[in-house]
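Biologist: I am new to this structure and would like to go through its helix packing and its aromatic rings with you. Could you take me through them step by step?

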Amino acid sequence: HPTSHGTTLTDTALGDLAADVLRANDMGGWTKAAPLLYPHQWSWDSAFVAIGWAQVDVRRAMTEQQRLFEAQWANGMVPQIVFNPLAGPDSYFPDPARWAVEVSPDAPVGVAETSGICQPPVHAIAVARIWEVAAGTEAEADVRAEIRTLFPKLMAWHRYLAEHRDPSGSGLVTTYHPWEGIDNSPRWDAVLERLEVGDVPAYVRRDLSHVADAGQRPSNDAYDRFLWLLELLKRHRYDDAAIHRSYPFLVKDVFLTSVLVMANQALLGLADAVGATSSARAEIESWIARGRSGIASTVDTETGLAYDLDLGTGTPVEIRTFAGLCPLLDAESGDRDRALKNLDSEAFAGHPDLRWAMVPSTSPLEECFDPRNYWRGPVWPIVNWLYWRGLRDGGDLVRADALREASLDSLRHVGFAEYFHPVTGEALGSAMQSWTAAVALDWLA
Ligand code: 9YW
């Protein structure tokens, strides 16, 4: 890890280094999530990356999102991965052959190969940020024209999440797979443990050769379970109705839902920019209202944390992770006060052992807390960027500034690692992670 830039690094130098990371991972129109570990375009990574590009080249930022949405499915889903045609099948596992998305009539044909699931919808948040940066500059007209072409695609994407991923109209989005963003989070442990894993065709993990030690990544047992779920999704031809009828990993995801609420607020702003119809606005407003009441229904009366709902058992997943604070992502949530108390508490950013007062992926007070393992303890800068935005949008400027300062200080010391040890600040996962560099650029702006 080429890390520890030290406290003396100026903001300008940090920003220059961050821009270098984006340029190094730039494939010409789209950006690799990381140099070796993730040689493709990941959906929510590309949204954060666009937020970063906005500070370097605002037109390039729009291109990032246009390219991603070229691979949008006919049902509106924006796929988790758009594969790099030049990377070759051994560059990352699972590869396009394992996903075999051609079993679905909705998968794109003749565009790009994709995976068959999705990730949190940060895209409208990114495009709104791009618009903010472009407005009043010489790029304004071009960017507005680009947003006009993207707007209906963003609508289709949000409609997919609001309808196909929530057939009962609960207001909560269903997630089908840990790879929909938060891989080995303990949020999924109970559901995964219940799985009866069937025949998984033989496979070779590619991820372990790109990290310092396997303890920073999901276990082999977790991978078997992830891949068994993939086989089942394939058998269902990635059909949302069939999946909701019979499939063993159905979780109403509070984080995914809260990001969608935040993204719908951003989309309302974009509706102004492109002069959208009043029916489009009404549709977005109805999604916001539904998402907000959905989240309110998940907040635990005792702790004030939002808990995912495991549809397999009908019970809340009572694990303290960053996701529990998600009412903070909605400026108008009625549950903000308790979420703020949780944020400040020893269970989260107020834990006395933390090197920086930031939100760890899993609470240090959980028994399963594992400070070097991926989503089971380390700090992820992009998660903190979302909470910073939520604090700022909710008018909590003191906390927002403190979180921004802590985050920038961590990046000066840790570098643009994928994630880091919350206590020691050890850089973990991939180095030169695009989205980490991207949020640094936005924080510095
Ligand atoms: C993997 C690219 C992706 C992120 C996910 C993160 C990880 C892929 O990397 O998943 O192989 O584990 O969990 O959120 O989009 O950065």
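**Helix packing and aromatic rings**

Modeller: In this predicted model, helix α10 (residues 254-274) packs with helix α11 (residues 278-298), their axes being 9 Å apart and at an angle of about 155°.

Biologist: Is α10 roughly parallel or roughly antiparallel to α11?

Modeller: The axes of α10 and α11 make an angle of about 155°. Angles over 145 degrees count as roughly antiparallel, and therefore the arrangement of α10 relative to α11 is roughly antiparallel.

Biologist: Which classes of residue make up the contact of α10 with α11, and how many belong to each?

Modeller: On the α10 side the contact includes V254, V261, L267 and L268, together with N264 and D272. On the α11 side it includes I284, W287, I288 and I295, together with R281 and E285. Taken by class, the contact of α10 with α11 has four charged, six polar and nine nonpolar residues.

Biologist: Which way do α3 and α5 cross, left-handed or right-handed?

Modeller: Helix α3 (residues 58-70) and helix α5 (residues 123-134) have axes 10 Å apart, at an angle of about 155°, and this makes α3 roughly antiparallel to α5. Residues V58, A61, M62, Q65, L68 and F69 of α3 meet H123, V127, I130, V133 and A134 of α5, and the contact has nine nonpolar, two polar and no charged residues. The crossing of these two helices, α3 and α5, is left-handed.

Biologist: How many aromatic pairs does a search of the whole structure find?

Modeller: Rings of Phe, Tyr and Trp are taken as a pair if their centres lie within 6.5 Å. With that cut-off, the search of the whole structure gives a count of aromatic pairs of 27.

Biologist: How far apart in sequence are the parts that the pair of W44 and W435 ties together?

Modeller: The ring centres of W44 and W435 are 5.1 Å apart and the planes stand at 90°, so this pair is edge-to-face. W44 belongs to helix α2 (residues 43-53) and W435 to helix α15 (residues 434-444), so the pair ties together parts whose separation in sequence is 391 residues.

Biologist: Are the rings of W375 and W380 stacked or edge-to-face?

Modeller: W375 counts as buried at 1% relative accessibility, and W380 is buried with a relative accessible area of 2%. The ring centres of W375 and W380 lie 3.8 Å apart and their planes are at 10°, so the pair is stacked.

Methods. Residues are numbered from 1 along each chain as its sequence is written. This is a predicted model: local features need pLDDT of at least 70, side-chain atom pairs count only at pLDDT 80 or more; totals for chains, interfaces and linings use all residues. Side-chain values use heavy atoms; hydrogens and water are left out. Axes are lines fitted to C-alpha atoms, for helices over the stretch in contact, and angles run from 0 to 180 degrees between N-to-C directions. Helices (H or I, at least four residues) and strands (E, at least two) are DSSP runs, numbered from the N terminus. Angles under 35 degrees count as roughly parallel, over 145 as roughly antiparallel, 65 to 115 as roughly perpendicular and the rest as oblique. Contact means heavy atoms within 4.5 Å. Ala, Val, Leu, Ile, Met, Phe, Trp, Tyr, Cys and Pro count as nonpolar, Asp, Glu, Lys and Arg as charged, and the others, Gly among them, as polar. Rings of Phe, Tyr and Trp (its six-membered ring) pair if their centres lie within 6.5 Å; planes under 30 degrees apart count as stacked, over 60 as edge-to-face and the rest as tilted. Buried means under 20% relative accessible area, exposed over 50%, partly exposed in between (1.4 Å probe, protein chains only). A crossing is left-handed if the near helix is turned anticlockwise from the far one by less than a right angle, and right-handed if clockwise.
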